[in-house]
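Let's take a walk through a protein model together, one stop at a time.

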Amino acid sequence: MDSVIDDAFAAALYSDGDDGLDTGASLLAAAPQADPELRRRGEEYLSRAWRNGWQPADVIRLVRRDLDDPHVRLTAALIHAETGRYAHLPPRWAAQLADLGPTAEPARDRDRFTRATTHLQLYRLLLRLPPLEPAGPPPGETVPGPAEGEPRTLTRIRTLTRIRALLAKAEATGYPEEAEALTAKAQELMARHSLDEALLAARTHAKDTPGACRVGVDAPYETAKAILLDAVAAANHCRAVWNEAYGFSTVVGFESDLESVELLHTSLLVQGTAAMTKAEAGQRAAGRKRTKTFRQAFLMAYAHRIGGRLAEAGEHAVTEAVQEARGAGDLLPVLAARDVAVTDHTERMFPETTATRVRGVTDGEGWAHGTAAADRAHVAARGRGPALP
């Protein structure tokens with residue numbers, strides 16, 4: 001049985017052409033007794049990927065981009081089976097596993113050759129995954145988090161619940177002014193929550209350290225989406241580094257700030273897409289046909305306007321905190337120390353980064369509409385591209 005698997009893998013996984021895949025799939029199709037070992041090998045490739053810094057959402061995103069639906073379903077099934085063996089999973093993995101979607105393997109009524117080909121195409125991709133900068137521990141490891149009392153935990157939960165509710169309303173409303181007010185209120189809560197967390201950690205000498213999470217940056221218009229995420233991260237005391245090749249950005253920061261970045265980025269992307277669709281409908285009604293260039297310019301302008309407005313909101317929150325004597329003597333040094341910690345952690349994870357140069361924005365009306373939408377959503381811009389590892 002192992003020899004059949006080894007021969008099939010030798011033929012299929014170490015070449016780029018279809019001839020090797022056909023040879024390997026033929027061998028597997030003729031050996032149904034090898035199916036359990038074939039599945040075990042797939043789980044072994046996933047285990048190796050976790051040790052190399054990959055997470056379930058990263059793998060499924062890449063498979064969805066480069067392969068087809070049967071490969072996605074097979075990947076989801078293998079991930080669920082492999083991760084089910086661990087007593088402990090890292091933070092955020094439960095949400096990633098819940099988002100995997102259908103977990104059924106390719107239909108049994110498909111011919112064995114087709115099913116074997118699907119397995120081999122997926123395993124070829126998994127085998128070639130390079131090591132990534134770890135954004136958390138691999139599964140099975142227990143890593144103690146910061147000591148938190150129940151009041152602090154409950155306060156965080158209540159604050160995040162309020163933020164989610166505000167952003168959900170902003171996404172749902174059809175009135176730009178209402179969305180503006182709701183989004184601004186959510187950012188204000190995020191900023192104040194971040195300040196409270198920083199002061200509490202300093203006063204209790206909690207051993208909080210920066211962490212990291214990955215956020216998907218999917219095509220199309222991924223440059224604009226990465227710039228949007230970069231702006232949201234910077235406004236919330238985090239750093240974002242875009243991995244263009246694999247479709248995600250790694251955001252580095254303290255846990256409460258990472259949660260805020262994930263929430264706000266998702267909401268602003270939803271709001272921006274809705275505003276773009278509405279503006280584009282108006283363009284079409286006027287007889288203009290510039291869909292791709294209009295969308296690209298719109299989202300780039302939208303992202304370009306975000307940073308300044310969010311930065312203003314953050315600065316306003318700090319000013320108010322100082323004026324209200326919310327630890328005025330301690331606040332600025334604490335924030336400075338946390339900014340240094342985030343920068344140091346980012347530079348250790350990514351000792352070499354480059355800045356991207358934004359090109360290809362040619363639609364003036366798209367830019368104008370995107371800027372206006374960003375103003376309504378209380379979002380603005382930074383004059384640079386996202387960092388790349």
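Start with helices H5 and H7, which pack at an angle of about 70°, with their axes 10 Å apart. Because an angle of 65 to 115 degrees counts as roughly perpendicular, that is the label this pair gets: H5 and H7 are roughly perpendicular to each other. On the H5 side, the residues making the contact are Pro70, His71, Leu74, Thr75 and Leu78. H7 brings Thr118, His119, Gln121, Leu122 and Tyr123. Sort them by class and you get five nonpolar residues, five polar ones and no charged ones.

Before going on, a quick word about what you're looking at. This is a predicted model. The protein chain has 389 residues, and 47% of them are buried. Its secondary structure comes to 14 helices and five strands. Now look at contacts with a separation of 6 or more in the protein chain: 80% of them are between residues 24 or more positions apart.

Stay with H7 for a moment, and find H4, another helix that packs against H7. Here the angle is about 125°, and the axes are 11 Å apart. That makes H4 oblique to H7. The crossing is right-handed. From H4, the contact takes in Val59, Leu62, Val63 and Asp66, while Leu122, Leu125 and Leu126 come from H7. By class, that contact of H4 with H7 has six nonpolar residues, no polar ones and one charged one.

How do H1 and H2, another pair of helices, sit against each other? They pack at an angle of about 165°, with their axes 7 Å apart. Angles over 145 degrees count as roughly antiparallel, so H1 and H2 are roughly antiparallel to each other. H1 passes H2 in a left-handed crossing. If you want to find the contact on screen, pick out Val4, Ile5, Asp7, Ala8, Ala11 and Ala12 in H1, then Gly20, Leu21, Thr23, Gly24, Leu27 and Leu28 in H2. Those residues of the contact of H1 with H2 divide into eight nonpolar, three polar and one charged.

Next, go to helix H3, which covers residues 35-51. H3 has 17 residues and reaches 25 Å from its first C-alpha to its last, close to the 24 Å expected at 1.5 Å a residue. Which residues of H3 are buried? They are Glu37, Leu38, Arg41, Gly42, Glu43, Tyr45, Leu46, Ser47, Ala49 and Trp50. And what covers them? After H3 comes Gly53, whose phi is positive, near 100°.

Look for Pro138, found between H7 and helix H8 (150-172). Leaving aside its neighbours within four places in sequence, Pro138 is in contact with Trp50 and Pro90. Pro138 and Leu89 are 49 residues apart in sequence, yet 7.7 Å apart in space, C-alpha to C-alpha. Is Pro138 buried or partly exposed? Its relative accessibility is 24%, so Pro138 counts as partly exposed; the cut-off for buried is under 20%.

Our last stops are about backbone geometry. Most residues other than glycine have a negative phi, and most peptide bonds are trans. With that in mind, look at Arg92, in the loop between H5 and H6. The phi of Arg92 is near 80°, a positive value in a residue other than glycine. Arg92 is partly exposed, with a relative accessible area of 24%.

Finally, move along to the loop between strand S1 (211-216) and helix H10 (222-235), where you'll find Pro220. A cis peptide bond joins Ala219 and Pro220, with omega about 0°. Tyr221 lies in the loop between S1 and H10 too, and its phi is near 60°, a positive value in a residue other than glycine. What about burial? At 17% relative accessibility, Tyr221 counts as buried.

How values were computed. Residues numbered from 1 in each chain as written. Predicted model: local features only at pLDDT ≥ 70, side-chain atom pairs only at ≥ 80, totals over all residues. Heavy atoms only, no water. Helix = DSSP H or I, 4+ residues; strand = E, 2+ residues; numbered from the N terminus. Expected span 1.5 Å × (residues − 1). Buried < 20%, exposed > 50% of the residue type's maximum accessible area, 1.4 Å probe, protein only. Axes fitted to C-alpha atoms, helices over the stretch in contact; angles between N-to-C directions. Parallel < 35°, antiparallel > 145°, perpendicular 65-115°, else oblique. Left-handed = near helix turned anticlockwise from the far one by under 90°. Contact = heavy atoms within 4.5 Å. Nonpolar A, V, L, I, M, F, W, Y, C, P; charged D, E, K, R; others polar.
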